[in-house]
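Colleague: Please put the model on the screen, and I will ask about it piece by piece.

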Amino acid sequence: MIQLKTMLNCIDNSGATVVECIANMKMKRHARIGDRIIVVVQKSRNLGETGPSGGAGSVTAAKVRRGDIRHAIVVRTTKKVQRPDGMVVKFDDNACALIGKNGEPIGTRINGVVGSELRDKKWSKILSLASQHV
């Protein structure tokens with residue numbers, strides 16, 4: 001259950017590591033796996049810094065910076081989720097993947113496990129980028 005001011009890990013390679021939820025797009029109190037939320041980036045990776053040479057070995061710039069406001073999809077929650085077949089799933093942390101306003105993921109890779117509830121909510125693009133889904 002993700003609500004206002006909840007801190008989440010960002011598990012894609014967009015450049016953000018920790019984000020904070022500032023709004024739920026479904027206008028309900030809590031967001032669950034597969035729900036769209038609005039987040040602000042609290043911590044970002046410093047991928048954009050290159051050495052003074054700036055040659056062929058330079059790294060590309062990060063796609064998001066600290067303070068950016070973005071849309072995200074919740075992919076893991078610490079709250080238990082019961083599936084229709086009776087299985088109960090609980091993850092160790094709250095995590096999300098950043099998306100653009102058009103619904104396309106910002107990152108090109110998703111590190112870690114995501115919930116299979118994303119398939120029911122039509123986020124198969126995020127499932128295909130993830131290494132594992134439970």
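Predicted model: local features only at pLDDT ≥ 70, side-chain atom pairs only at ≥ 80, totals over all residues.

Modeller: Residues are numbered from 1 along each chain as its sequence is written, and side-chain values use heavy atoms, with hydrogens and water left out.

Colleague: What pattern does the protein chain follow along the sequence?

Modeller: Helices (H or I, at least four residues) and strands (E, at least two) are DSSP runs, numbered from the N terminus. On that basis the protein chain has 2 helices and 9 strands. Read along the sequence, the pattern is β-β-β-β-β-β-β-β-α-α-β.

Colleague: Which strands make up the closed barrel?

Modeller: Two strands pair if DSSP finds at least two bridges between them. Strand 1 (residues 7-10) joins strand 2 by 3 antiparallel bridges, and strand 2 (residues 16-24) joins strand 3 (residues 36-44) by 7, also antiparallel. Strand 3 in turn pairs with strand 4 (residues 69-76) in the antiparallel sense over 5 bridges. The closed barrel has 5 strands and mixed pairing, in the order 1-2-3-4-7.

Colleague: Which residue in strand 4 is the bridge partner of Val-39?

Modeller: Strands of a sheet pair through backbone hydrogen bonds, either parallel or antiparallel. For Val-39, the partner in strand 4 is Arg-70.

Colleague: Is Leu-98 buried or exposed?

Modeller: Leu-98 lies in strand 7 (residues 95-99). Beyond its neighbours within four places in sequence, Leu-98 has contacts (heavy atoms within 4.5 Å) that include Cys-10, Val-39, Val-64, Arg-70 and Ile-106. Buried means under 20% relative accessible area, exposed over 50%, and partly exposed in between (1.4 Å probe, protein chains only). With a relative accessible area of 0%, Leu-98 is buried.

Colleague: How many disulfides are found in the whole structure?

Modeller: A disulfide is counted when a pair of cysteine sulfur atoms lies within 2.5 Å. The search finds none, that is 0 disulfides. Cys-21 has its nearest cysteine sulfur, that of Cys-96, 8.9 Å away, and for Cys-96 the nearest is that of Cys-10, at 4.8 Å. The count of disulfides is therefore 0, given the cut-off of 2.5 Å.

Colleague: How far apart are the closest N and O atoms of Arg-70 and Asp-68?

Modeller: A salt bridge is a side-chain nitrogen of Lys or Arg within 4 Å of a carboxyl oxygen of Asp or Glu. Arg-70 is partly exposed at 26% relative accessible area, and Asp-68 is partly exposed at 23%. Their salt bridge has its closest N and O atoms 3.7 Å apart.

Colleague: Why does the salt bridge between Arg-76 and Asp-93 tie together parts that are apart in sequence, and by how many residues?

Modeller: The side chains of Arg-76 and Asp-93 meet at 3.0 Å, N to O. Arg-76 lies in strand 4 and Asp-93 in the loop between strand 6 (88-89) and strand 7, so the pair links parts whose separation in sequence is 17 residues.

Colleague: Which residue meets Glu-117 in a salt bridge?

Modeller: Glu-117 lies in helix 1 (residues 117-120), and its partner lies in the loop between strand 5 (81-82) and strand 6, so the pair ties together parts 34 residues apart in sequence. The side chains meet at 2.8 Å, N to O, and the partner is Arg-83.
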